[in-house]
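Notes follow in the order I looked things up.

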Amino acid sequence: MNTTLIQYPAKIWYKLANYCLKSYQGLTQEPRVFLMRKLARFEIVRDWVAMLFNRSTKPREISRAKASVLGNLDVNAIAATIETDSCYQGLQLPQDVVQELLTFANSTVGYINRDLNRPWPCKGTEKVGVDLPENTRVCSYMSNIEKSSTVKKLEKDPGILAIAAKFLGAEAVHMGSEISWSFPVAGNVVQQREAAQVFHYDLDDYRFIKIFFYLTDVDMSSGPHAYIRGTHNGKKLKHQFMGTRCASINDEKILEYYGVQNVVDVCGKAGFGFVENPLCFHKGTEPTAKPRLMLQIEYAINDYGNIHEMLGY
Ligand SMILES: [Fe+2]
């Protein structure tokens with residue numbers, strides 16, 4: 001008898017049961033987050049919510065008394081670039097701030113592959129398979145980041161808040177921050193997916209934004225962040241329905257539809273920063289030779305608490 005014919009429906013039933021169970025848990029435990037994750041994937045819903053928030057077109061001034069650590073910023077131009085290109089590149093952290101963050105990373109316990117049961121004092125100089133366990137792809141400082149006063153200051157920096165508020169069209173609600181290492185280690189597609197190293201888009205709110213800063217020099221061999229320009233809008237309907245499950249589609253298929261010529265690899269020295277609408281297709285490229293240390297700060301229009309903890313990633 002052909003066993004695959006029997007196994008195939010069982011697999012479908014298992015997936016369906018799992019989907020129903022997760023949906024039930026989401027709906028009963030975190031209904032607001034659950035509904036947002038279901039609805040925000042559709043551009044028409046996001047446009048409608050943005051209208052409700054009555055997006056401000058008035059530039060938000062950064063007063064001299066509250067100068068940004070990033071220097072002079074043309075907030076309107078930055079927001080306009082993100083609106084068309086999905087990303088703005090060109091922020092710069094002062095070197096003393098980079099140094100403070102490196103000191104923090106060198107003296108704080110991180111967690112291998114974001115697993116709280118695997119604490120590790122990552123310094124970025126370790127070799128995977130020699131000083132670090134074989135399957136170490138990422139080492140994140142997780143909630144230990146709260147011990148960094150430098151990160152706290154950046155989260156409240158008037159320039160960063162002004163960019164976020166201008167883009168969001170609403171007061172920026174801080175959603176979370178992360179400092180993490182990405183190590184050069186070859187992985188299969190499942191491991192790459194778990195480490196956000198395949199093209200995907202995030203669904204953290206109806207409107208949200210991420211600000212990234214490289215804390216080590218990043219070139220093509222150290223896992224540059226990559227995005228597909230303009231894909232925060234105009235997604236194929238199937239990709240809107242799939243939402244975050246788009247991460248299961250091969251990168252080749254995504255590029256076939258959105259165009260390889262629209263891929264932008266973001267390289268820069270330590271301190272270089274960029275701002276992204278994470279609804280565009282993006283990924284952290286798998287490093288091939290050198291590790292990458294990066295800080296990201298996220299803001300949204302709604303306060304859901306720690307959404308990443310709730311959703312288990
Ligand atoms: Fe992402």
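First, my ground rules: I call two strands paired if DSSP finds at least two bridges between them. Helices (H or I, at least four residues) and strands (E, at least two) are DSSP runs, numbered from the N terminus.

Housekeeping. This is a predicted model, where local features need pLDDT of at least 70 and side-chain atom pairs count only at pLDDT 80 or more, while totals for chains, interfaces and linings use all residues. Residues are numbered from 1 along each chain as its sequence is written.

Entry 1, the three-stranded sheet. I looked up the strand order and got β8-β7-β10, an open sheet with antiparallel pairing. β8 and β10 are the edge strands with a single partner each, so one side of each has no neighbour in the sheet. Neighbouring strands here are turned by 15° against each other on average, direction ignored. For angles, axes are lines fitted to C-alpha atoms (for helices, over the stretch in contact), and values run from 0 to 180 degrees between N-to-C directions.

Then the pairings themselves. β7 (residues 225–228) and β8 (residues 263–266) are joined by four bridges, and Ile-228 sits opposite Val-263 of β8. Three bridges tie β7 to β10 (residues 282–284), again antiparallel, with His-225 opposite Gly-284.

Entry 2, the eight-stranded sheet. Which order do the eight strands take? I read β1-β9-β6-β11-β5-β4-β2-β3, open and antiparallel.

Helix α4 (residues 75–85) packs on it, touching β1 and β9 (272–276), and its direction makes about 145° with that of β1. Helix α7 (residues 158–168) touches β6 (208–214), β9 and β11 (292–300), at about 145° to β6.

I count 11 helices and 11 strands. The radius of gyration is 20 Å, close to the 20 Å from the globule rule for 313 residues, so the protein is as compact as a globular one of that length. That radius is taken over C-alpha atoms, and the rule is 2.2 Å times the number of residues to the power 0.38. Of the contacts with a separation of 6 or more, 87% are between residues 24 or more positions apart.

Definitions and conventions: Contact = placed C-beta atoms within 7 Å.
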